Amino acid sequence: MYQGEMKQSKNEIKLDSSWKAHLAEEFSTERMTQLRSFLKAEYAAGKTIYPRGDEYFAAMNLTPFDKVKVVIVGQDPYHGPGQAHGLCFSVRDGVRFPPSLQNIFKELHSDVGVPIPKSGSLMKWAEQGVLLLNAVLTVEDGKAAAHQKKGWEEFTDKIIHVLNEEKENLVFILWGSYAQKKAAFVDRKKHLVIEGVHPSPLSAHRGFFGAKPFSKTNAYLKSKGIAPINWDLTGH
């Protein structure tokens with residue numbers, strides 16, 4: 001499913017070489033073959049899939065394996081037009097902030113004092129080593145969770161397993177029970193796991209606000225001699 005095996009509107013699906021080295025065997029599994037077939041059939045039926053093909057693996061392409069410092073686990077891509085671009089919780093420049101992202105920015109401002117940005121793109125985090133990983137990497141327009149249980153979950157489980165096993169001193173930020181279950185096996189002797197309430201408006205007031213995940217992350221990284229994340233998305 002990479003190196004142009006499948007295309008959508010001439011957008012080749014590519015995967016960063018550092019990740020390919022760790023995940024190559026995954027692409028030859030029967031599960032991934034079935035996922036490829038499913039996606040091809042969806043396109044053939046004229047369905048609109050988000051994000052576009054060359055952004056399926058945007059999280060990994062922006063955050064190569066060797067550069068990962070922090071992992072934030074999401075569930076599904078946004079299913080509205082123009083929102084999803086391959087990074088969990090993030091939206092393209094100019095797109096209205098979804099409610100969960102609004103709450104993330106409120107906590108970010110409260111926690112580390114940086115201004116709330118005008119853009120909802122989290123690419124600056126990704127480029128510094130924050131892997132913004134959704135459990136499911138595609139979705140159908142207007143149909144939340146339409147591509148769950150098609151094979152993506154096992155693929156992204158493998159990503160977390162590889163990070164857990166082969167790296168040390170990572171920070172895993174797990175908001176909500178879904179993310180916490182998905183990464184429950186992470187070795188807490190090797191890594192910092194920050195578990196908390198999901199930023200959704202349905203739950204954020206039950207402990208998301210005031211949890212200070214961003215400052216806790218940087219304190220841990222500094223304690224391990226690792227450069228902290230500049231969480232400021234405004235460019236200042």
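In which loop is Pro-51 found? In this predicted model, Pro-51 belongs to the loop that runs between strand 3 (49–50) and helix 3 (58–62), and the legends below begin with that residue.

**View 1. The cis peptide bond between Tyr-50 and Pro-51.** The peptide bond that joins Tyr-50 and Pro-51 is cis, with an omega of about -10°. Pro-51, placed in the loop between strand 3 and helix 3, is also one of the residues that line the largest cavity.

**View 2. The largest cavity and its lining.** A search of the whole structure finds two cavities of 30 Å³ or more, and the largest cavity has a volume of about 60 Å³. Its lining includes Pro-51, Tyr-56, Pro-77 and Tyr-78, together with His-85, Ser-90 and Asn-134. Sorted by class, the residues of this lining are eight nonpolar and four polar, with no charged residues.

**View 3. The second largest cavity, with residues from helix 3 and strand 5 in its lining.** The second largest cavity has a volume of about 30 Å³, and among the residues that line it are Phe-57, Ala-59, Met-60, Leu-132 and Leu-133. Helix 3 and strand 5 (130–134) each supply at least two residues of this lining, and strand 5 gives the most, with three residues. The lining of the second largest cavity divides into seven nonpolar and two polar residues, with no charged residues. Tyr-56, Gly-86, Asn-134 and Leu-137 are listed in the lining of the largest cavity, and Tyr-56, Gly-86, Asn-134 and Leu-137 are also listed in that of the second largest cavity.

**View 4. Positive phi at Lys-149 and Asn-169.** Lys-149, a residue other than glycine, has a positive phi near 60° and lies in the loop between strand 6 (139–140) and helix 6 (152–166). With a relative accessible area of 76%, Lys-149 is exposed. Asn-169, which is not a glycine either, has a positive phi of about 60°, and its place is in the loop between helix 6 and strand 7 (171–175). Asn-169 is partly exposed, with a relative accessible area of 22%.

**View 5. The β-α-β unit of strand 7, helix 7 and strand 8.** Strand 7, helix 7 (residues 177–182) and strand 8 make a β-α-β unit that is right-handed. Strand 7 and strand 8 (residues 192–196) run parallel and are joined by five bridges, and the bridge partner of Trp-175 in strand 8 is Gly-196.

How values were computed
Residues are numbered from 1 along each chain as its sequence is written. This is a predicted model: local features need pLDDT of at least 70, side-chain atom pairs count only at pLDDT 80 or more; totals for chains, interfaces and linings use all residues. Side-chain values use heavy atoms; hydrogens and water are left out. Helices (H or I, at least four residues) and strands (E, at least two) are DSSP runs, numbered from the N terminus. Buried means under 20% relative accessible area, exposed over 50%, partly exposed in between (1.4 Å probe, protein chains only). Two strands pair if DSSP finds at least two bridges between them. A crossover is right-handed if, with the strands pointing away from the viewer, the path from the first strand over the helix to the second runs clockwise. On a 1 Å grid over the protein atoms alone, a cavity is a set of points where a 1.4 Å probe fits but cannot get out, and a pocket is an open set with protein on both sides within 12 Å along at least five of seven lines; lining residues have an atom within 4 Å of a point. Grid points are joined across faces, edges and corners, and a volume is the space filled by probe spheres set on the points. Ala, Val, Leu, Ile, Met, Phe, Trp, Tyr, Cys and Pro count as nonpolar, Asp, Glu, Lys and Arg as charged, and the others, Gly among them, as polar.
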